[in-house]
Amino acid sequence: ESGVRAPPAPAKPLLSEADVDVAEEDRQNSNHSLAETDAARISAAAVSQLMEEGELQVDVAVGSSALATEVESPGVMSIALSALLILAVFGSGLAVACGTQVAMQGVLGVIALYIIMSINEYVVHRYYQHLGWNTSGVFMFLKPMIPTLPRLKSSGHVEHHRETLDDMSLDTRSHHILD
């Protein structure tokens, strides 16, 4: 173990030279472009090759596909530090260009907007999209006084949660409300 890594293996092409030659020959024998004449055949060949190599998994029951390589999501701390770095660069640029007072107002303004937007997102998600308004204390208090006060109807968001797993893949199990 000398600490020297071997160079990575060259990437295997999605199509063989024979596939490319046949596609070019087809294009020359017609008045259409390669994309018009052979897009489906070439796509099928590429998908087939990816499936053989185990880099593409197709779920026939659901009708979806995904690359087998997993992308790791960044952690909350990583996202927060990235946001702080961007904010620091923004504030430094403003300080150089416009002065310290304008920079402070700009940075505090961005922070205030972020807080306002986050609170708004929480309220909309909880009380509108998840129909929390229908069971809130305010609604229960107002309903007897205003009999015509309507209950919120689903926008489809609650059903979306019922048919989607935490990783956003479809839940194919039977559900009495959705079936």
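Biologist: What makes the pair H157 and H125 a polar contact?

Modeller: Their side chains come to 3.0 Å. A polar contact is a pair of N or O atoms within 3.5 Å; within protein, one must be able to donate a hydrogen and the other to accept it, and residues adjacent in sequence count only if both atoms are side-chain atoms. The side chain of H157 also makes a polar contact with that of H130, at 3.3 Å. This is a predicted model: local features need pLDDT of at least 70, side-chain atom pairs count only at pLDDT 80 or more, and totals for chains, interfaces and linings use all residues. Residues are numbered from 1 along each chain as its sequence is written, and side-chain values use heavy atoms, with hydrogens and water left out.

Biologist: Why is H157 called buried?

Modeller: Buried means under 20% relative accessible area, exposed over 50%, and partly exposed in between (1.4 Å probe, protein chains only). H157 has 16%, so H157 is buried.

Biologist: What makes the span of α3 close to the expected one?

Modeller: Helices are DSSP runs (H or I, at least four residues), numbered from the N terminus. The expected span is 1.5 Å times one less than the number of residues. Helix α3, residues 76–98, has 23 residues and reaches 32 Å from first C-alpha to last, against 33 Å expected. Just after α3, G99 takes a positive phi of about 105°.

How values were computed:
Helices (H or I, at least four residues) and strands (E, at least two) are DSSP runs, numbered from the N terminus.
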